[in-house]
Amino acid sequence: MGPMTTTPATAPTVGFDLDLTLLDTRPGIRATWVAFSAEVGVPVDADLVVSRLGPPLEHEIAQWFPAEHVTEMTARYRALYPAYAIEPTVPMPGARDAIEAVHEAGGRTIVVSAKNGPHVELHLAHLGIEPYAVAGGLWAEGKAEALRAHGAGVYVGDHVGDVRGAAAAGAYSVAVATGPCPAEELREAGADVVLPDLTDFRAWWEGYLA
């Protein structure tokens, strides 16, 4: 993608996290972990896994396998992911409207996720969601790399790691209490605003631009 200045926007570029911010990936991720657990013969509590989504996959794999097997097991999980995780995934309430609100105001949307880029793109293509850019494999402060590169003035996420990423990029942090972190934890982490979910985004956005 070229620099943001090549096509001036009338509103800021807004970054969105993926899992439990834009998309409810829990059913598909759970199904993938169940299949993965059966394939490798190692018991994994898939319900526990989906209760703490946010950090990179390698962090979760390390909870179930010795360090020397994390890279191999991560690759095996990812090989299963498209077959199990894409179809069951649906947008979070208000997600499509939030993206439309940004575009209607002349802004751009980007998706910045800890999930690997190819799987982010599979999810978005399946659901017909078309951001200006996608950046995968970035977590917490690491998300600032993509947010700065695309000139994002706002970053929306559900995890304290997303709040930290926004802060590192100098972006306004909009947190939604739809993931593993309750509203108070998001506020304490430094979120500039905490919304119950994205159904409240349009009203907030219109006030932010006013």
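1. Basis of the note. The structure is a predicted model, in which local features need pLDDT of at least 70, side-chain atom pairs count only at pLDDT 80 or more, and totals for chains, interfaces and linings use all residues. Residues are numbered from 1 along each chain as its sequence is written, and side-chain values use heavy atoms, with hydrogens and water left out.

2. Overall form. The chain holds ten helices and eight strands; helices (H or I, at least four residues) and strands (E, at least two) are DSSP runs, numbered from the N terminus. The C-alpha trace spans about 55 × 35 × 30 Å along its principal axes. For 210 residues, a compact globule would have a radius of gyration near 17 Å, and the 17 Å of the chain agrees with this. The radius is taken over C-alpha atoms, and the globule rule is 2.2 Å times the number of residues to the power 0.38.

3. Of the 210 residues, 50% are buried, where buried means under 20% relative accessible area, exposed over 50%, and partly exposed in between (1.4 Å probe, protein chains only). Contact means heavy atoms within 4.5 Å. Among contacts with a separation of 6 or more, 61% link residues 24 or more positions apart.

4. The sheet. Six strands form an open sheet in the order S5-S4-S1-S6-S7-S8, with parallel pairing; two strands pair if DSSP finds at least two bridges between them. Strands S5 (133-135) and S8 (193-195) are at the edges with a single partner strand each, so one side of each has no neighbour in the sheet. From one strand to the next, the twist averages 20 degrees.

5. Strand S1 and its partners. Strand S1 (residues 13-16) pairs with strand S4 (residues 109-112) in the parallel sense over three bridges, and four bridges join S1 to S6, also in parallel. Val14 has Thr109 as its bridge partner in S4 and stands opposite Val154 in S6. Phe16 stands opposite Val111 in S4. Which residues of S1 point one way, and which the other? Thr13 and Gly15 point to one side, Val14 and Phe16 to the other, and all are buried.

6. Helices on the sheet. Helix H5 (residues 95-104) packs on the sheet and touches S1 and S4, with its direction at about 165 degrees to that of S1. Helix H10 (residues 201-209) lies across S1, strand S6 (152-157), strand S7 (172-176) and S8, and runs at about 160 degrees to S6. Axes are lines fitted to C-alpha atoms, for helices over the stretch in contact, and angles run from 0 to 180 degrees between N-to-C directions.

7. Helix H1. Helix H1 (residues 26-40) has 15 residues and reaches 21 Å from its first C-alpha to its last, close to the expected 21 Å; the expected span is 1.5 Å times one less than the number of residues. Its buried residues include Ile29, Trp33, Phe36 and Val40. The buried residues of H1 pack against helix H2 (46-50), helix H3 (57-61) and helix H4 (70-85). Just after H1, Gly41 has a positive phi of about 75 degrees.

8. Helix H8. Seven of the ten residues of helix H8 (residues 160-169) are buried, so the helix is largely enclosed by the rest of the structure. Val160, Val163 and Ala166 are among them. The cover over the buried residues of H8 includes helix H7 (144-149), S6, S7 and helix H9 (183-188).

9. Two backbone points to check. Most residues other than glycine have a negative phi. Leu20 has a positive phi near 65 degrees; it lies in the loop between S1 and strand S2 (23-24) and counts as buried at 2% relative accessibility. Ala140 has a positive phi near 50 degrees; it is in the loop between S5 and H7 and also counts as buried, at 2% relative accessibility.

10. Pro91. Pro91 is in strand S3 (residues 90-91) and is partly exposed, with a relative accessible area of 24%. Thr21 is 70 residues away from Pro91 along the chain, yet their C-alpha atoms are separated by 8.7 Å. Leaving aside neighbours within four places in sequence, Pro91 is in contact with Leu22, Leu23, Asp24, Arg96 and Leu127.
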